[in-house]
Amino acid sequence: MDSEDILFPVLIKRCSRLVDKRIDLLLKEHGIARSQYRVLYYVAKRGILSQKELLDILEIQGSTLTLIVNALVHKQWLVRMPDDNDGRIKKLRLTPAGQERFKTIPNPVEAINRLLASQLIKQESDAVEALIRKIITQLA
């Protein structure tokens, strides 16, 4: 097979979709969608986060974030609070129930990383990481 026959973007996209699918399956077992987990993850990591900061991190549409936050508020895992200095700004934090719930959900990225690492020897793992970083550098 010639190097021109290898379609790296197709392989990378396929790999990404399979990772996303595996993450979705892991999170489904805990009754949460990937988008909801990502919001909980970043709010848990930072403690309190504005919706604007979260938009910048997640790189999604504001209306999409609003739907995700609404669902998490409805589950009583997240609370919206007005900013002390500007009432237009909404801050987010986990509720005690949200903190407890988040602790019970295994980090799906770490789980998949362990799965993949268990299938590769150290040299292969290092080589894959180096190649992916090289691709990212070339495309950035």
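Where does Thr95 lie in relation to strand 3 and helix 5? In this predicted model, Thr95 is placed in the loop between strand 3 and helix 5 (96-104).

**Thr95 and its surroundings**

- Thr95 has a relative accessible area of 13%, and because the limit for a buried residue is under 20%, Thr95 counts as buried.
- The side chain of Thr95 reaches the backbone nitrogen of Gly98 at 2.9 Å.
- When residues up to four places away in sequence are left aside, Thr95 touches Gln76, Trp77, Leu78 and Val79; one of these, Gln76, follows helix 4 and has a positive phi, near 65°.

**The largest nonpolar core**

- The largest nonpolar core has 21 residues, and the members that touch the most others are Ile32, Val39, Leu40, Val43, Leu54, Leu72 and Leu78.
- Two or more residues of this core come from each of helix 1 (8-28), helix 2 (34-46), helix 3 (51-58), helix 4 (62-74) and strand 3 (90-94).
- In soluble globular proteins, nonpolar side chains tend to be buried together.
- Leu72, one of the core members named above, touches Gln36, Val39, Leu40, Trp77 and Leu78, not counting residues up to four places away in sequence.

**Helix 4**

- Helix 4 has 13 residues, which at 1.5 Å a residue should span 18 Å, and this agrees with the 18 Å that separates its end C-alpha atoms.
- The buried residues in helix 4 include Leu65, Ile68, Val69 and Leu72, and because the buried residues fall within an arc of 95° when seen down the helix axis, they line one face of helix 4.
- An α-helix has 3.6 residues a turn, so residues three or four places apart point the same way.
- The buried residues of helix 4 pack against helix 2, helix 3, strand 2 (78-82) and strand 3, whereas the face turned away from the buried side carries the exposed residues Ser63, Leu67 and His74.

**Aromatic residues**

- A search of the whole structure finds three aromatic pairs, and one of them joins Tyr41 and Tyr42 in an edge-to-face arrangement, with 5.0 Å centre to centre and 85° between the planes.
- Tyr41 is partly exposed at 27% relative accessibility, and Tyr42 is also partly exposed, with a relative accessible area of 22%.
- Tyr41 and Tyr42 belong to one aromatic cluster together with Tyr37 and Phe102.

Definitions and conventions:
Residues numbered from 1 in each chain as written. Predicted model: local features only at pLDDT ≥ 70, side-chain atom pairs only at ≥ 80, totals over all residues. Heavy atoms only, no water. Core = buried A, V, L, I, M, F, W, Y, C linked by side-chain atoms within 4.5 Å. Buried < 20%, exposed > 50% of the residue type's maximum accessible area, 1.4 Å probe, protein only. Helix = DSSP H or I, 4+ residues; strand = E, 2+ residues; numbered from the N terminus. Contact = heavy atoms within 4.5 Å. Expected span 1.5 Å × (residues − 1). Arc of directions from axis to C-beta. Polar contact = N/O pair within 3.5 Å; in protein donor to acceptor, adjacent residues only side chain to side chain. Phe/Tyr/Trp six-rings, centres within 6.5 Å; stacked < 30°, edge-to-face > 60°.
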